[in-house]
Structure formats: C-alpha cells, structure tokens
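Trainee: Could we go through this one together, starting with the strands?

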Amino acid sequence: MVEPDLIQDSLPHNNYTDSDLGSNFKKLRITDNVRELQTVLRDKTTSRGDFIFYADRLIRLVVEEGLNQLPYRHCDVTTPTGHKYEGLSYQRGNCGVSIMRSGEAMEQGLRDCCRSIRIGKILIQKDEDTREAKVVYAKLPPDIDQRKVLLMYPIMNSGNTVIKAVQVLKDHYVKEDNIILLNLFVTPQAAKALVKRFPNMKVLTSEVHPVTPNHFGMKYFGTD
Ligand SMILES: O=c1cc[nH]c(=O)[nH]1
C-alpha cells in the first residue's frame, strides 16, 4: 500500500527559513550524531537491519524531545542518603496516536519512554476516484479530548495525510494546542502547509528538506 502522503504532488522547493515556520515548529538540534542517523536512513545501500536500528535511534531522539513539550510539575523526593531533591514529575493525561502505517514504526519508541501510555491509531488512504485523502479507520482513547496527544508520522511530503488526521482529532474535541506532532523528515512545503493550517499545534521534526526518504515505511516494515 502506498501511503497517500508519500505521493509527491508538486515540485520540491526550498525557499524558506526556519523562522518562517513560527515558534510552534521545532527541529532537533542537528549534531554530527543526528546527521549520521539521517545519512544512514537516506543511503540506498543501507541494509534493512541497519535501517531499523538507525531509524529507532532517530525516533527515540524525537520522542524524547517530544516529551519535553509536555507539562511537568514539581516533585520533591528523598535520596537514599537522606537528601531532599527538588525534581519534576510528568503530568498524567497524555496519549499517543499513530497514523498508519508508517507512524506505527514510532510506537515502540514512545512505549520505551512511557511504559503504559495509551496509543490510538488513524488510517488514511487516498480515494481511488477523487484522489482525496480519506479517513478509513480511527481508534482513539475515549477520553482523548482530555489528553495531550503525541501524533506520530515519520515522513511528510504534502502534509495532506497529517492535516486529515489532525482534523479527525479535532472532530473528537482535541484542542489544537494539545497536539504535538512527532515527525522525522518533512518538506518545506508540508511544514508551511501545517503551520498555516494549525498554528497552535506543536510540530517536532529532525529535518526540513525538499527530498524526503519515501522508502521509509516499506524499508522499515520490509514490504518492498
Ligand atoms: O505520559 C508520559 C509522559 C512522560 N513520561 C511518561 O512516562 N509518560
């Protein structure tokens, strides 16, 4: 199955600066380590085993940074040596939602950080006749309107799939500013479309680039 957002529907263009995307759009700090992960994922000679290994590492970094966007409260603890430590504890009431199928690759990274987090799913496919992105399936926590939502989708070309998925969340009364989109690679075109349409949603990515690694889902799940 070719995911609808993986169909590049216009010429790539790179005429943007990060500041055009507003303060809710965030990119990982690009260290040499992060650049290496991105390089391996883009390299056509990368084996499937290495691809999964490096993808999981990059996903983990994006997930950990995503957790930084959630609310925390003060929490003092006592150390084994009897010292008081002024710490933080996350506020309950978060959930994940993966956009099938490639978003499911990010679920384990989220579970590895948040042991018992609820994870919902949304399936969007392109209608064969109209070519429009259509919602086929949505299974979401019943109290999702009370939660912060970590929405997961690794590759965005046009942004249409994610726009449709965010609309599903909003139809379930999720507030736009309670949504944090976790993504690995996005085109400037999709980044602009998303921040324009949903200015209060937080978007976190590892790279904005006119060419995205569209083989991601097929290589990760071994369906090529
Ligand atoms: O929901 C959350 C957020 C941060 N850490 C967790 O373990 N769970």
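Mentor: Let us begin with an open sheet of three strands, which runs in the order 8-10-12 with parallel pairing; strands are DSSP runs (E, at least two residues; helices are H or I, at least four), numbered from the N terminus, and two of them pair if DSSP finds at least two bridges between them. This is a predicted model, in which local features need pLDDT of at least 70 and side-chain atom pairs pLDDT 80 or more, while totals for chains, interfaces and linings use all residues. Residues are numbered from 1 along each chain as its sequence is written, and side-chain values use heavy atoms, without hydrogens or water.

Trainee: Which are the edge strands there?

Mentor: Strand 8 (155-156) and strand 12 (207-208) are the edges, since each pairs on one side only. Strand 10 (residues 185-186) joins strand 12 in the parallel sense over two bridges, and Phe185 has Glu207 in strand 12 as its bridge partner.

Trainee: And in what sense do strand 2 and strand 3 pair?

Mentor: Strand 2 (residues 72-78) and strand 3 (residues 84-90) are antiparallel, with seven bridges between them, and His74 of that pairing stands opposite Leu88 in strand 3. Their hairpin has five residues between the strands, and Gly82 there takes a positive phi near 85°.

Trainee: OK, what surrounds the ligand?

Mentor: Its surroundings are Leu70, Tyr72, Tyr90, Asn94, Cys113 and Cys114, where a residue is near if one of its heavy atoms lies within 4 Å. Taken alone the ligand exposes 240 Å², of which the protein buries 84%, by the Shrake-Rupley method with a 1.4 Å probe.

Trainee: How many residues of that shell are nonpolar?

Mentor: Five are nonpolar, one is polar and none is charged; Leu, Tyr and Cys count as nonpolar, along with Ala, Val, Ile, Met, Phe, Trp and Pro, while Asp, Glu, Lys and Arg count as charged and the others, Gly among them, as polar.
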